[in-house]
Amino acid sequence: MSNGQVAVVVIVNRSRLGQKYQGAAGLVAQALDALLDSYEAREIRGRIVDVSDGPTMAALGVPTVDDVADERATKDAVDAAFRQYLPDYLVLVGGPDVLTHQTLSNPLGNNGTDLGVPSDLPYASNAPYGEQISSF
C-alpha cells in the first residue's frame with residue numbers, strides 16, 4: 001500500500017465494550033492492539049475508529065455514538081470512517097449490543113408480524129441511513 005491508504009478500518013465502541021466487559025476491558029484493548037500489530041506485520045495498514053471517542057468523531061465530522069441503540073448515529077459514524085479512510089475492509093467489533101444493527105422493513109412481513117429485520121447489511125453499503133432493504 002504505497003499510497004498510504006488504510007486497508008482495514010476496525011470500528012469499535014470502546015465505551016460500550018468497557019461497560020460490557022468491565023474488568024476485562026483492558027484485555028479487549030490489548031486484543032485490538034494485537035490485531036493492528038498483526039496487520040502491520042503483514043504490511044497492511046490498519047486503523048481503529050472508536051465511535052464513542054469525541055475527538056475521533058469530531059475529526060470525522062459526526063457526533064459520538066452515545067446511545068448504543070442509536071441506529072442512525074452508528075450508521076453515520078461507520079459511513080464517516082469509510083469516507084475518510086476508503087478502506088478495502090471494515091471490521092465491526094462486537095455484536096448488536098455494541099454496534100447496533102439497523103432495523104430494515106421486512107418486505108415479506110405480514111399480518112403485523114416480523115415488520116422489522118435487524119441487519120448489519122447497511123454497513124456494507126455507501127447508501128445513507130434508511131429502513132428500506134432495497135436501498136442497500
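The model is predicted, so to speak of local features takes a pLDDT of at least 70 and side-chain atom pairs count only at 80 or more, while totals for chains, interfaces and linings use all residues. Residues are numbered from 1 along each chain as its sequence is written, and side-chain values use heavy atoms, with hydrogens and water left out.

- Most residues other than glycine have a negative phi.
- Q22 isn't a glycine, yet its phi is positive, at about 35 degrees.
- You'll find Q22 in the loop between α1 (14-21) and α2 (25-41); helices here are DSSP runs of H or I with at least four residues, strands are E runs of at least two, and both are numbered from the N terminus.
- Q22 counts as exposed because its relative accessibility is 62%, the cut-off being over 50% with a 1.4 Å probe and protein chains only.
- E43 is another non-glycine with a positive phi, about 60 degrees, and sits in the loop between α2 and β2 (46-50).
- At 70% relative accessibility, E43 is exposed too.

**The largest pocket**

- Its volume is about 210 Å³, meaning the space filled by probe spheres set on grid points joined across faces, edges and corners.
- A pocket is an open set of points on a 1 Å grid over the protein atoms alone, where a 1.4 Å probe fits, with protein on both sides within 12 Å along at least five of seven lines; lining residues have an atom within 4 Å of a point.
- Among the lining residues are F82, R83, Y123 and N126.
- α4 (71-85) gives the largest share of the lining, four residues.

Methods: Buried means under 20% relative accessible area, exposed over 50%, partly exposed in between (1.4 Å probe, protein chains only).
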